[in-house]
Amino acid sequence: MHIKGGTAPAGNQHPRLDPWLDLTRLPFAASWWMRVGVLLVLLSFTAYVAVLTPAATRLSYESLRQVNAVQRPADTAPLSSSDIDFAAQLSHLKKETRANLRVRRHARTLDIILSDNETLSDALIRSGFSARISYAALARLNDVYDVRKARPGLQIRTQIFGTTNGALQALDIKTGYATHAVVTRTSTGGFTAQLNTLETQDNQRVVAGAIPDSLYLAAERTNMPPSTILSLIRALSFRVDFQREIRAGDSFRAIYGESEAADGTTQAGDITYAELDLGDRVERLYQFKHPKTKRIDYYDASGESMRRLLMRTPIDGARLTSGFGKRRHPVLGYVKSHKGVDFGAPTGTPIYAAGDGVIERANRYGSYGNYVRIAHARGYKTAYAHLSRFAKNMKPGRRVRQGQVIGYVGATGRVTGAHLHYEVHQGAKKVNPMRLDLPTGEVLSGAALAAFQDHMKRIDTQLESEAPRQEASLESSVAPAAGTSF
């Protein structure tokens with residue numbers, strides 16, 4: 001049998017197929033054109049691979065070089081291709097991407113309030129975090145914030161990812177008016193902490209109002225913070241007897257500082273000006289920092305310090321329940337000389353040192369109960385009796401400043417109810433605190449007086465510019481007539 005284009009096989013042997021594309025056989029026949037087509041396809045695929053592979057290699061290298069440029073410091077020399085382990089870099093990049101996606105997908109916050117008799121670690125563990133994670137996070141927090149200062153009511157904002165509380169990612173604690181301590185988890189599983197300070201803006205608030213009942217309540221209606229109201233009362237207490245001189249129809253005006261943080265929280269500052277119209281006279285005081293001594297004090301318009309050697313009333317918001325002189329003793333039942341004055345107030349009300357001085361005694365003292373006595377300048381002494389407890393570190397020999405808390409109202413000793421018994425000793429004699437003509441403080445002169453007068457003019461100018469707004473606020477505080485609707 002003859003086979004065209006080849007040789008006949010011997011016996012039952014099949015024809016040999018040439019593995020190479022032989023284009024010399026049967027030129028221009030159908031099988032020849034088929035060989036040409038296959039060859040062109042193979043050549044095209046080879047060229048495509050040869051061109052694409054270097055470009056892909058260059059692209060991968062450029063991407064990894066950019067990643068390393070971000071992760072390495074700016075002053076580090078660029079990496080060469082020999083320094084890059086492509087497999088390790090790509091694996092790390094994939095892991096970081098997956099971890100970030102998991103955090104974004106499952107992150108949530110949990111607010112924890114510190115309870116009474118509880119530490120920060122107790123609060124975290126109570127909320128479901130493991131003891132190991134809690135201790136590790138708080139160890140770093142302690143680097144920027146003393147965790148022992150945490151008090152009941154403190155809010156701890158935590159960030160978690162996952163379905164359990166064990167995966168703590170961060171915690172945020174407001175450590176001050178404009179500061180936050182933030183603890184965050186690192187890529188290695190540990191924690192790092194930093195103290196963030198918010199931007200603040202200082203403002204001045206001018207308030208005014210009529211006094212229908214008490215100065216405290218009138219100031220409270222202007223939204224003045226309680227601590228600032230007490231500062232106002234203390235500053236005026238050297239010139240005003242709040243038990244006898246305040247009457248309905250009197251009015252007040254004040255300027256005080258206020259600082260606002262970026263998160264919207266505010267903090268009240270000092271009283272810079274106060275005015276009390278008592279009908280028959282007007283008391284005005286200006287806060288001023290002495291240019292030489294740097295001491296901040298309150299002065300009247302003449303430059304005389306408002307501060308007296310002693311405060312007339314060393315307690316806020318109290319009522320005079322018993323005056324100086326003879327009276328029927330509420331416990332003993334017979335007339336007895338009362339060598340002091342009594343102020344009725346709830347148990348726990350703070351008691352202030354009436355003036356600068358040194359504590360002579362702070363202990364239990366017979367019918368006086370818990371008792372404090374302070375020695376002042378010019379032979380004066382003050383005594384405070386029936387305290388429920390003493391302030392911290394009150395002991396003989398300790399120096400105290402005027403207005404410093406020395407104890408708290410109570411009912412210890414021979415009493416029928418909670419009150420403060422207050423005495424003033426002038427030498428060996430006990431005198432009436434409410435009628436004592438106390439010596440004044442410093443009187444400015446020379447350059448200090450000139451600086452004070454300039455400061456006073458600036459305050460007066462500010463008050464004049466605020467006058468229309470004050471009048472509007474006073475009018476709005478008047479109760480509407482019956483039947484008026486808003």
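Here are a few notes on a predicted model, going from one histidine to the cores and then the salt bridges.

1. Let's start with H421, which sits in strand β21, residues 419–426. Is H421 buried or exposed? It's buried, because its relative accessible area is 7% and anything under 20% gets that label. Its side chain makes a polar contact of 2.9 Å with the side chain of D342, and another of 2.8 Å with the side chain of E423. Leaving aside residues up to four places away in sequence, H421 also touches Y368, Y384 and H386, among others.

2. Next, the largest nonpolar core, which has 31 residues. I374, Y384, I406, L420 and Y422 have the most contacts inside it. Strands β14, β16, β17, β18, β20 and β21 each supply at least two residues of this core. Another core, of 23 residues, lies apart from it and includes L215 and Y298.

3. Back to I374 for a moment: among the residues it touches are V358, Y384, V400 and I406, not counting those up to four places away in sequence.

4. Now for charges: how many salt bridges are there? The count comes to twelve. One of them pairs R253 with E275, with the closest N and O atoms 2.8 Å apart. R253 is in strand β7 and E275 in strand β8, so this pair ties together parts 22 residues apart in sequence. Both residues are buried.

5. Compare that with D146 and R148, whose side chains meet in a salt bridge at 3.1 Å, N to O. Here D146 is partly exposed, at 24% relative accessible area, while R148 is exposed, at 69%.

6. Last one: R281 and E283 form a salt bridge at 2.8 Å, N to O. R281 is partly exposed at 26%, whereas E283 counts as buried at 11%.

Note on methods. Residues numbered from 1 in each chain as written. Predicted model: local features only at pLDDT ≥ 70, side-chain atom pairs only at ≥ 80, totals over all residues. Heavy atoms only, no water. Helix = DSSP H or I, 4+ residues; strand = E, 2+ residues; numbered from the N terminus. Buried < 20%, exposed > 50% of the residue type's maximum accessible area, 1.4 Å probe, protein only. Polar contact = N/O pair within 3.5 Å; in protein donor to acceptor, adjacent residues only side chain to side chain. Contact = heavy atoms within 4.5 Å. Core = buried A, V, L, I, M, F, W, Y, C linked by side-chain atoms within 4.5 Å. Salt bridge = Lys/Arg side-chain N within 4 Å of Asp/Glu carboxyl O.
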